[in-house]
Amino acid sequence: MRSLLVPILLVLAPTAAFAQLAASPWPMFHHDPQHTGRSPAPGITTPALKWEFQAGDSIAESSPAIGADGAIYFGCTNHRLYALGPTGALRWTYLTRNSLRYSSPAIASDGTVYIGSMDSTFYAINANGTLRWSVRGGSTFRSSPVILPNGDVAVGNGDNKLYRFTGAGAPVWAFTTGGNVRSSPAHGFNGDLYVGSFDFSMYAVTSAGTQHWKATTGNLIDLASATVGPDSTVYFGSSDGFVYAIRAGGAFGWAYTASANVNATPAIAPNGQILAPMGSRVVALNNLGQFQWVFVTRNAVRSSPAVAADGTIYFGSDDSTFYCLNPSGTLRWSWPAGSSIRTAPAIDADGTVYFGTFNGKVIALRDATTAVEPREPMSVLALSAPLPTPSRGITRLQFIAPAGTRARLDVLDLAGRHVATLWDGAGDGLQHLAIWNLIDANGSKVAPGVYLARITAAGRSESRRIVAMW
């Protein structure tokens, strides 16, 4: 059911354009709008502590996100949104009127940080820690927001609604379910939003705010959110002890018996396996719902797994341990955290992993075999192959532009016509990450087909082919 939001409080600052998702290594909960939990960065072979930060209270389910400048953002039960620098130094905090226990931040390309609070307010915070705008909902915001390709933002609320706002905070629509909406909406390749409710159902909501389909389970869907596969299958868990797969269009795919509450969001590994937390276990299933392997911890797993480019798997447990698994499901290493871990890990471009703990720490782990000295600028012009390929919604490219040059990264069609500009600025000889969401310069979805990513600097160019699919 669609309804209109009547905000109790709306504070706005003028804005000329609405910003899309930040081109950063991990800009939101579970990495991307599809909640795949998958990073193009390498996995850690041997862990070493990079730094720790002690917050003022518990860091519960509010998972870290990474800004384009390397800042790390997270919410805390002391009512504050934190911003840290890449070295773990505090930049600023923003004080709300109640706990930021649940909602994870999402970062827009202009640096705006979106997050919901238990004070029933949804916030847009500028990159310098000042308020851009806020809007009141009918109840608490425990859901983590998703930033849509046109710059709109969607988030669930305890008043049974899924809200959609513009990037300026204006209400677009509110879709009403039959229960509390704590899960975080995932964005499908067809524009639908997928969100679970306490009314036992997973909803597909169209871009116009109407119901596309509804899949009903045997119990409530709490913080466990949906994940969208490359074929548009929607994977999610329920408190009824099952993991479900709903095919594109709403047809039932399969249900796997978890025999325990599913308290976190599945991830999708590079080999296509679905990595689903179930009770104290993480279980790998293939896309037909068939068992592949299981890893058992000593307490509940409420941390949504993150996956590196080589298939390395990270997650935390209520047994106060942070785990790293090989793609086969065997233990690679573990890290004693000293407290429960319910946050989803975030993976930086160099492979550094960030996670929060119940005793208020943010822990950054790096690979012990990787030098920590500042990177030396390089004189090469380089552009990586896009990941994933083909792309059904977002593709990522790493690039290097020589220091002292003016560089530009564009997307072209095969006739050489300009489609989009991903980056335009001064080269510094360091590696950067660019993200293309298959949207052209006019804000429209591109047609399926083959495109060229081309970086140019100082009269030189490098190109890579991108296959776009919907």
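W51 sits buried in this predicted model, with a relative accessible area of 8%. What does W51 pair with, and how are the planes set? The partner is Y354, and the two rings are tilted, 5.7 Å centre to centre with 35 degrees between the planes. That tilt label follows because planes under 30 degrees apart would count as stacked and those over 60 as edge-to-face.

Another tilted pair joins F399 and W423. F399 is in strand β36 (residues 395–400) and W423 in strand β38 (residues 418–426), so this pair ties together parts that are 24 residues apart in sequence. Here F399 is buried, at a relative accessible area of 1%, whereas W423 is partly exposed at 23%.

Here are the two pairs in table form:

| Pair | Centre to centre | Angle between planes |
|---|---|---|
| W51 and Y354 | 5.7 Å | 35 degrees |
| F399 and W423 | 5.0 Å | 50 degrees |

Now for a bit of sheet. Four strands make an open sheet in the order β4-β5-β6-β7, with antiparallel pairing. Its edges are β4 (65–66) and β7 (90–95), each pairing on one side only. Inside the sheet, β5 (residues 72–75) and β6 (residues 80–84) pair over four bridges, and I72 has L84 in β6 as its bridge partner.

Notes
Residues are numbered from 1 along each chain as its sequence is written. This is a predicted model: local features need pLDDT of at least 70, side-chain atom pairs count only at pLDDT 80 or more; totals for chains, interfaces and linings use all residues. Side-chain values use heavy atoms; hydrogens and water are left out. Two strands pair if DSSP finds at least two bridges between them. Helices (H or I, at least four residues) and strands (E, at least two) are DSSP runs, numbered from the N terminus. Rings of Phe, Tyr and Trp (its six-membered ring) pair if their centres lie within 6.5 Å; planes under 30 degrees apart count as stacked, over 60 as edge-to-face and the rest as tilted. Buried means under 20% relative accessible area, exposed over 50%, partly exposed in between (1.4 Å probe, protein chains only).
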